[in-house]
Amino acid sequence: MAATAHLYEIFIKAPRRRVWDALTAEGDTTRYFHGTRFESTFEPGAPFVNRIVAADRPAADGTIEVFDPPNRLVYTWHVLYDDDMAAEPAGRVEWTLADANAEGTVTRVTLRHGDLALSPKTWLTVKLGWVGILDNLKTLLETGEPMGEVDTDAPSTDDVEGSWH
């Protein structure tokens with residue numbers, strides 16, 4: 001049985017508030033999130049758009065479900081940049097941040113992208129897409145410069161779809 005969600009955890013050498021700001025501040029998201037910016041009031045129930053800046057068109061949209069700075073952000077995620085994925089139902093993205101040391105200088109970031117049972121193309125596309133975003137976020141916050149785009153379509157050592165984690 002294929003997994004219907006993705007779960008990622010990463011440690012970032014940055015205070016939780018700085019990581020939170022990077023998740024929600026337009027100036028940061030454009031640097032690590034595939035050149036997109038989040039547009040929302042971030043109030044629960046409010047819509048959001050993840051807009052491709054260069055093309056001035058939406059990449060994804062959804063609804064903010066939880067906005068609890070600097071701890072937890074939850075929203076639905078509906079892909080718009082691909083017709084097949086746009087026809088699939090929205091998934092649910094949950095970011096949870098926690099201090100990973102007593103000094104508060106390292107943050108544990110947990111990302112869950114679920115509700116993908118009826119969205120197989122989205123499931124497959126975001127599998128490595130989120131890895132690139134998380135690694136780019138970590139690199140940006142720890143070095144001041146993003147890692148840049150990576151080829152998530154490159155051949156993988158994982159030949160068994162759905163059982164990689």
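Is N50 buried or exposed? N50 is buried, with a relative accessible area of 1%; buried means under 20% relative accessible area, exposed over 50%, and partly exposed in between, using a 1.4 Å probe and protein chains only.

Before going on, a word on the source. This is a predicted model, in which local features need pLDDT of at least 70 and side-chain atom pairs count only at pLDDT 80 or more, while totals for chains, interfaces and linings use all residues. Residues are numbered from 1 along each chain as its sequence is written, and side-chain values use heavy atoms, with hydrogens and water left out.

**The sheet**

N50 lies in strand β3 (residues 47-52). Strands (E, at least two residues) and helices (H or I, at least four) are DSSP runs, numbered from the N terminus. Leaving aside neighbours within four places in sequence, N50 is in contact with F33, T36, R37, F38, P58, A59, A60 and W77, where contact means heavy atoms within 4.5 Å.

Strand β3 belongs to an open sheet of seven strands in the order β1-β7-β6-β5-β4-β3-β2, with antiparallel pairing. Two strands pair if DSSP finds at least two bridges between them. At the edges are β1 (6-12) and β2, each of which pairs on one side only. On average, neighbouring strands are turned by 25° against each other, direction ignored. Between β3 and strand β4 (residues 57-68) there are six bridges in the antiparallel sense, and R51 stands opposite P58 in β4.

Two helices meet this sheet. Helix α1 (residues 16-24) packs on it, touching β1, β4, β5 (72-79), β6 (91-99) and β7 (107-114), and its direction makes about 160° with that of β6. Helix α4 lies across β1, β5, β6 and β7, running at about 10° to β1. Such axes are lines fitted to C-alpha atoms, for helices over the stretch in contact, and the angles run from 0 to 180 degrees between N-to-C directions.

**Helix α4**

The end C-alpha atoms of α4 are 35 Å apart, which agrees with the 34 Å that its 24 residues should span at 1.5 Å a residue. At V126, α4 bends by about 35°; the bend is the angle between axes fitted to the seven residues ending there and the seven starting there. After α4 comes G144, whose phi is positive, near 90°.

L140 is found in helix α4 and counts as buried at 4% relative accessibility. Not counting residues up to four places away in sequence, L140 touches D28, R31, Y32, E145 and P146. L140 and Y32 are 108 residues apart in sequence, yet 7.1 Å apart in space, C-alpha to C-alpha.

**The aromatic rings**

Rings of Phe, Tyr and Trp (its six-membered ring) pair if their centres lie within 6.5 Å; planes under 30 degrees apart count as stacked, over 60 as edge-to-face and the rest as tilted. By this rule the count comes to 14 aromatic pairs.

| Pair | Centre to centre | Angle between planes | Type |
|---|---|---|---|
| F33 and F38 | 5.3 Å | 75° | edge-to-face |
| F33 and W130 | 5.7 Å | 85° | edge-to-face |

Ring pairs link Y32, F33, F38, F48, Y75, W77, W95 and W130 into a cluster.

Methods:
Expected span 1.5 Å × (residues − 1).
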